[in-house]
Amino acid sequence: MHDGSGRIVVQGLTKQFGPVTAVQNLSFTVEPGSVTGFLGPNGAGKTTTLRMLLGLVTPTAGTGLINGRPFHQLGNPARVVGAVLEAQGFHAKRSARDHLRVYAAAMGVPDQRADQVLQLVGLGAAGDRKAGGFSLGMKQRLALATALLGDPQVLVLDEPANGLDPEGIAWLRQFLQSYARSGRTVLVSSHLLAEVEQTVDQVVIVSRGQTMYYGPLDNLRQSQRSRVLVQPSDTGALVTALQADGITAIEQVPDGRIAVTGVEAKQVADTALKAGVSIYGIQEEKADLEQLFFQLTNGQYAAPGVAQYPPQQPGGGSGYYAPPPGYQQPGYPPQGYQQQAGSGYYAPPPGYQQGAPQGTPPGTPPGTPPGTPPGGYQQQPPPPGQQQPGQGGFGGGA
């Protein structure tokens, strides 16, 4: 039997697919009563880690335990762990309620639990609708309802906010925090960094299959010093006053303001007031999760460089770009032709031999007007009763 702690423990987890190492020596712990964010760029090994934790992929090395046991040893695992790895496992012609009842029967929970979780995720009015007609956001909610059927102690979600509108994201944030406050464990992977920052208590940041940071979110923020950007009336006087107060981490930024690191805006403003320096603008910058995330995962899938565009023609503002070398614009003569002054006619290059005009038979001497028959050619007279073109009738000679 499991220990009932609700704790997730990942220790030295490694997974290799042939020559590719998807996860390398990954270790972290998720405690009950908290929401833990599992963050990393696409391809960092997040989904592979969750699949190993849930017994869907066999690790090359290491262990992933829930309540002190591997997933397959949990007895009735759906009553312990609710998981959503992708929101696509629905029968298109089956209603949301019937979909949940099928899973409820497999878990050994009563049918009425299906209606309870539909209400819980905001799909109470859509229970009789076919899942195939659901939007992506509604499918995410139905997948979460499926994970909640067994009233699990542990919730593992992979990109749960994908497809949700802003109202749905706000609802999900409140739901996960409330679920964790009830003493349960929530592990949620995502690359929606701004949303996770408002939801999680601690983070596990991975890149290239390795742990880059593991710990409380507040500790991660505190590891980055904030700075104050200030636009004073007299830069020199303010810098002197700050240095007199023992503040030396001062630098000038390109826009003319000065940046003071390791202090609060109030302290800078008080120092400026004492020095008689007017402040035209002041702003306190604090490192957010997105900035820290890019610092820790920088370069995993960075592009090799910015695309180079062809040079723009002089007289900017036209939006016209010069064609590549060797380009011949339709309607213009090829290289080597010379325009004769004032005529608009282009003389052919030296040595050019003009071909026979179109409609002239082969073997006709050069200079013969087009349509002239070759030597020895005799035109046949028309059949009796038939006139040649231009003779009689209503032609031009009539």
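Which residues in helix 3 meet which residues in helix 4? Arg113, Val117, Leu118 and Leu120 in helix 3 meet Leu142, Ala145 and Leu148 in helix 4, where contact means heavy atoms within 4.5 Å. The residues of this contact divide into six nonpolar, no polar and one charged; Ala, Val, Leu, Ile, Met, Phe, Trp, Tyr, Cys and Pro count as nonpolar, Asp, Glu, Lys and Arg as charged, and the others, Gly among them, as polar.

The model is predicted, with local features needing pLDDT of at least 70 and side-chain atom pairs counting only at pLDDT 80 or more, while totals for chains, interfaces and linings use all residues. Residues are numbered from 1 along each chain as its sequence is written, and side-chain values use heavy atoms, leaving out hydrogens and water. Helices (H or I, at least four residues) and strands (E, at least two) are DSSP runs, numbered from the N terminus.

Angles run from 0 to 180 degrees between N-to-C directions, and axes are lines fitted to C-alpha atoms, for helices over the stretch in contact. The crossing of the two helices is right-handed, the near helix being turned clockwise from the far one by less than a right angle.

Six of them form an open sheet with mixed pairing, in the order 5-6-7-3-8-9; two strands pair if DSSP finds at least two bridges between them. At the edges are strand 5 (81–84) and strand 9 (210–216), each pairing on one side only. On average, neighbouring strands here are turned by 10° against each other, direction ignored.

Within this sheet, five bridges join strand 6 (residues 154–158) to strand 7 (residues 185–190) in the parallel sense, and Val154 has Thr185 in strand 7 as its bridge partner. Strand 3 and strand 8 are also paired in the parallel sense, over four bridges, with Ile205 in strand 8 as the bridge partner of Leu39. Strand 8 and strand 9 run antiparallel and are joined by six bridges, one of the pairs being Val206 with Thr211 in strand 9. These two strands form a hairpin with two residues between them, and Arg208 in the turn has a positive phi of about 55°.

Strand 8 is largely enclosed by the rest of the structure, because six of its six residues are buried. Buried means under 20% relative accessible area, exposed over 50%, partly exposed in between (1.4 Å probe, protein chains only). Gln202, Val204 and Val206 point one way from the strand, and Val203, Ile205 and Ser207 the other way.

Helix 5 (residues 166–181) lies across strand 3, strand 6 and strand 7, running at about 155° to strand 6. Helix 1 (residues 46–53) lies across strand 3 (35–39), strand 6, strand 7 and strand 8 (202–207), at about 150° to strand 7.

Helix 1 also lies across strand 1, strand 2 and strand 4, running at about 115° to strand 1. Those three strands form an open antiparallel sheet in the order 2-1-4. Strand 2 (20–30) and strand 4 (61–66) each have a single partner strand, so one side of each is left without a neighbour in the sheet. Strand 1 (residues 8–17) pairs with strand 2 over seven bridges, and the bridge partner of Lys15 in strand 2 is Val23.
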